[in-house]
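Thank you all for coming.

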Amino acid sequence: VTTRMGATASLKKRRTAQSDALTAERHTSARRRGRRGWGTAVALLVVLMIGLTQAGNVTLLSVLTMALIYSIAVGSLDLVVGFTGLLSVGQAGLVGVGAYTVALLETKYALPMVLALLVAGLVSVLFGGVLGLSALRLKGHYFTLVTLAFGLAVPQLALNASSLTNGDTGVVVDAGTFFGLSTAYPLELFEAVFIVAAICFLFLERFLFSTLGRKAMAVRDDELAAKANGISIYSTRLSVFGVSSFLAGISGGLLAYFVGLVAPSSLPFDLSLFFLAALIAGGSGRYTLCFAGSVVGAVLLAVLKQATVSNGSLAEVIFGGAVIVAVVLSGRGIWSLVQILTAVPSQRGWLRRVRLGKLRTLATERDAR
Amino acid sequence: VVGASIAGLRAAGALRRAGFDGRVSLLGDEPLGPYQRPPLSKQYLSQSDTPTTPALRVPSDLDIDVQTGRRIDSVDFRSRQLLASDGWRMGFDGLVIATGARARRLKATEQRAGVHSLRTLADAQQIRAELNKRPQVVVVGAGFIGCEVAASCREAGLQVTVIDPLALPLQRVLGTHIGRFLAELHSEHGTRLLLGIGVAGLEGDRHVTGVRLTDGRLIAADMVVEGLGVIPETTWLERSGLRSVNGVDCDSRCRVLGLKRVVAAGDVARWRHPFFGGIRLEHWENAVLQGEAAALSLLHGDAAEPYAPVPFFWSDQYDVKLQLVGLPAEGDDFTVIDGTLAQRKCLGTFGDPESPSAVLAVNNPAAIHKYRSRVLCATAASQA
């Protein structure tokens, strides 16, 4: 698919398509197969190591747990935004659906945690499916607007369906047990969340390199070319949207266990935008990176939210700055900083090249190599 | 008289002063006799030297039988007897219900060491004792108690955070204008305000270590003070078959509906104010006046005046004294009529400045009382 796609790519997209095609080729070769998700794995392991070594620091552990929960949501968003090319700003709505599902299942039926999380994912797929069925018929900005409306609607729905959701007060979530790990204890909760996150990212990575994942990327890179190759754009997007909803729902379910209460104020209206900003800041849709950017962005988001707790709008300002930096670095995110900085010293006269334009060229060259 | 705080004490005193010469018993469930509650959230916490217990004197010439530590569990309204669970009982001809209110708490599973509410002297003593360990204080709720406790702790030099789901402190009572002023006041003094966000729960095994916000953030805390408002103390009446929603239902003369020679006063009473309709006030001055009014209506029945006070309260936060006369209606605009808020000394009206629904004074204690009759007239006119 990718080779054919490269040949038919439009002029505008040719460079990215080619570089992606190159990397794709490199990665499909059997001996390189093990390298795919290394970035994600490293990022997750760093989080795990910090968490385990700093287990006594309650605040830090809480931030890392939150970062892992966010990272699943941001990863699921990356699938839609980065790899399928659909700008969705309603991910927090799907997270909210998952959170409420877990809260209600826990209080009404005392379901085991694993089951509750799975059901949360499935209910989110239901909501995401209905959203996708209608919204995916729209193009570009119009799709984005519908997802925005959905993101805003979920907290309002929760506020008004008070017989089910207790309105403003919210639903209390009791501690659950995940294979012997009780969510009542911060460290065990962290470990449980880590395991779920690791499984989610493993799943995401497998999905990305499955036929459907490749179709999604083909659709992203060139709709016309994809269509010409017999890929149904609508059903590809819908399937990806469903998978993304599932993971967002699981993220929401974990959030419910983590916070212990699900209320409309658990889903602030700007959360979806924060997810998107985290994705851009961390780096999205990068074939070689897999979902490492999502993890980095989510960590950044959780740290900033906690650090700016007494100064609410500071998080937005810093995040705005991070997004601008990421965009200047040709939308590659913070992760690419590492790549570029390691690439630069090997070039002759690199000091003269430390201009953003040059950096960008360097990065592109490196990617092409 | 059941309830030995200010409303009960004033009721007992008024009975005597009106010439009642029978036996008057004042029954309170706290170990101490009557004391003043308003300073508990203010000077009592912020003063560095050991404060004196703000006791209220019960004049000995009134011959009032004060019984402390006496909890009444139910009433038999047919045989007109008060009952306690230990078998104690006492008959009565007339009853004054003045049991006040209890603090609304976070749910029981959140209760652990370092978590306090503030209603009684015992609460205040516990909080004071813990303040000496210089904890990081988190106040849940930016109402009057919350704001005052925050200010007192901040004046004692502690790190204080206030959390409230509303966007501004005291927004529901005093509106956005004054809410914004108070938010600035607290921020200026270094109190951290986390507004527009709820509390999901508390963290910590035995002692509290943090407060979890509904969006997942964790605020470190060694001490949590709950300022979540109060619930009228009517459990013992409900057990006796007197149903009540938000306070004991009374007529305009504080007589409890459906019962003979039973009156209620103070925080527990919801009565028909001739101008405001059914209201319940949690103000010090109302407890004083209503205690007296209820006693007179118990003695004189229909010959007593309907109880129609102008609501009044004050609050001290840092160097600011707020005083309010009247009840601002929701959405009433605040208009400054003298001084400015920036100078921290001003007088302003709620609603139409010509016939205000309420008047607020900031550090202007002398001026406010002139407006009482004006507020009452305006309210009476709006009802007519």
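In which sense do β22(B) and strand β25 of chain B pair, and over how many bridges? Before I answer, please keep in mind that what you see is a predicted model. The pairing of β22(B) with β25(B), the latter covering residues 358–362, is antiparallel and runs over five bridges, and within this pairing Val325(B) is found opposite Val359(B).

On to the neighbouring hairpin. Strand β21 of chain B, residues 312–317, is joined to β22 of chain B, residues 320–326, by six bridges, and these strands too run antiparallel. Here Trp314(B) has Gln323(B) of β22(B) opposite to it. Two residues lie between the strands of this hairpin, and Tyr318(B) adopts a positive phi near 55°.

If we now step back to the sheet as a whole, we find five strands of chain B in the order β21-β22-β25-β24-β23, forming an open sheet with antiparallel pairing. The edges are taken by β21 and β23 (334–340) of chain B, and because each of these has a single partner strand, one side of each is left without a neighbour in the sheet. From one strand to the next, the twist averages 15°.

Strand β19 of chain B, residues 269–273, meets β20(B) in the antiparallel sense over three bridges, and His273(B) has Gly277(B) in β20(B) as its bridge partner.

Let me turn to the contact between the chains, to which chain A contributes 17 residues and chain B 15 residues. About 1400 Å² is buried between chain A and chain B, with carbon and sulfur atoms giving 59% of that area. On the chain A side, Val259(A), Ser265(A) and Val309(A) together supply 32% of the area that this chain buries against chain B, which is more than any other three residues.

What is the count of salt bridges between chain A and chain B? The count is zero, although four residue pairs are in polar contact between these chains, both residues of each pair being at pLDDT 80 or more. Three helices of chain A, namely α4 (58–81), α12 (233–259) and α14 (292–307), each supply at least two residues of the side that touches chain B, and α4(A) gives the most, with five residues. By class, that side of chain A has 10 nonpolar, six polar and one charged residues.

Finally, over all chains the structure holds 22 salt bridges. One of the salt bridges is formed by Asp29(B) and Arg71(B), whose closest N and O atoms are 2.9 Å apart. This pair links distant parts of the chain, 42 residues apart: Asp29(B) sits in the loop between β1 (25–27) and α2 (43–46) of chain B, whereas Arg71(B) belongs to the loop between β2 (65–67) and β3 (74–76) of chain B.

How values were computed: Residues are numbered from 1 along each chain as its sequence is written. Chains are lettered from A and ligands numbered from 1 in the order in which they are written. This is a predicted model: local features need pLDDT of at least 70, side-chain atom pairs count only at pLDDT 80 or more; totals for chains, interfaces and linings use all residues. Side-chain values use heavy atoms; hydrogens and water are left out. Two strands pair if DSSP finds at least two bridges between them. Helices (H or I, at least four residues) and strands (E, at least two) are DSSP runs, numbered from the N terminus. Axes are lines fitted to C-alpha atoms, for helices over the stretch in contact, and angles run from 0 to 180 degrees between N-to-C directions. Contact means heavy atoms within 4.5 Å. Buried area is the accessible area (1.4 Å probe) that two parts lose on being put together, summed over both. A salt bridge is a side-chain nitrogen of Lys or Arg within 4 Å of a carboxyl oxygen of Asp or Glu. A polar contact is a pair of N or O atoms within 3.5 Å; within protein, one must be able to donate a hydrogen and the other to accept it, and residues adjacent in sequence count only if both atoms are side-chain atoms. Ala, Val, Leu, Ile, Met, Phe, Trp, Tyr, Cys and Pro count as nonpolar, Asp, Glu, Lys and Arg as charged, and the others, Gly among them, as polar.
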